[in-house]
Amino acid sequence: MTSRHPELVRLDLPARYTYLHLLSDCIGDMLRLVDGVSDYETLCYNVQLAAHEVCTNIIGHAYQNDERGRIEVALRLDFGGSPRLTIELGDTGRAFDPDGYTAPNLDEVRVHGYGLFLIKHLMDTVAYTPQAGRNHWLLTKNIF
């Protein structure tokens with residue numbers, strides 16, 4: 001790719017699992033724009049999984065499966081110096097209490113509770129900011 005201008009994609013998705021493939025497609029298409037990625041499939045899968053986990057938590061916890069909710073997504077691919085993909089996700093559902101979160105004990109079998117653990121391990125930066133009437137997630141993945 002000759003252009004070094006950032007790529008920016010915005011989505012406004014219904015809070016339903018059926019639309020998460022649109023987010024996956026955008027992530028995959030954007031990562032294909034980066035030259036020299038040694039293991040595209042693994043990189044793409046990891047970023048898609050992290051983004052899906054955040055959206056799954058938004059749908060199930062913030063909106064409690066209320067399909068009237070919306071998820072606003074902004075994806076930005078920066079090419080300069082060290083390429084990176086930034087994903088911002090916003091919702092107007094119930095706030096998440098990060099102080100109430102405890103990382104899972106990997107020596108014990110659990111059915112739920114691995115989402116945030118996975119997100120933090122798959123992405124380079126994960127930030128959650130509850131604001132008045134709005135929740136904001138910021139995920140960053142350094143490509144190289």
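The side chains of Asp 66 and Arg 68 form a salt bridge, with an N to O distance of 2.7 Å. The term salt bridge here means a side-chain nitrogen of Lys or Arg within 4 Å of a carboxyl oxygen of Asp or Glu. This is a predicted model, in which local features need pLDDT of at least 70 and side-chain atom pairs count only at pLDDT 80 or more, while totals for chains, interfaces and linings use all residues. Residues are numbered from 1 along each chain as its sequence is written, and side-chain values use heavy atoms, with hydrogens and water left out.

Asp 66 is partly exposed, at 27% relative accessibility, and Arg 68 is exposed, with a relative accessible area of 70%. For these labels, buried means under 20% relative accessible area, exposed means over 50%, and partly exposed lies in between (1.4 Å probe, protein chains only).

In general, side chains of opposite charge can pair when their charged atoms come close. The structure holds five salt bridges. One of them joins Glu 72 to Arg 134, whose closest N and O atoms are 2.9 Å apart. This pair links distant parts of the chain, 62 residues apart: Glu 72 lies in strand S2 (residues 70–78) and Arg 134 in strand S5 (residues 134–142). Strands (E, at least two residues) and helices (H or I, at least four) are DSSP runs, numbered from the N terminus. Glu 72 is partly exposed at 39% relative accessibility, and Arg 134 is also partly exposed, at 25%.

Another salt bridge is formed by Arg 76 and Asp 78, where the closest N and O atoms are 2.9 Å apart. Here Asp 78 is buried, with a relative accessible area of 15%, whereas Arg 76 is partly exposed at 36%.

The backbone also deserves a look. Most residues other than glycine have a negative phi, and most peptide bonds are trans. Gln 64 has a positive phi of about 50° although it is not a glycine. Asn 65, likewise a residue other than glycine, has a positive phi near 60°. Where do Gln 64 and Asn 65 lie? Gln 64 is in the loop between helix H2 (40–62) and S2, and Asn 65 is also placed in the loop between H2 and S2. As for accessibility, Gln 64 is partly exposed at 48%, and Asn 65 is partly exposed at 46%.
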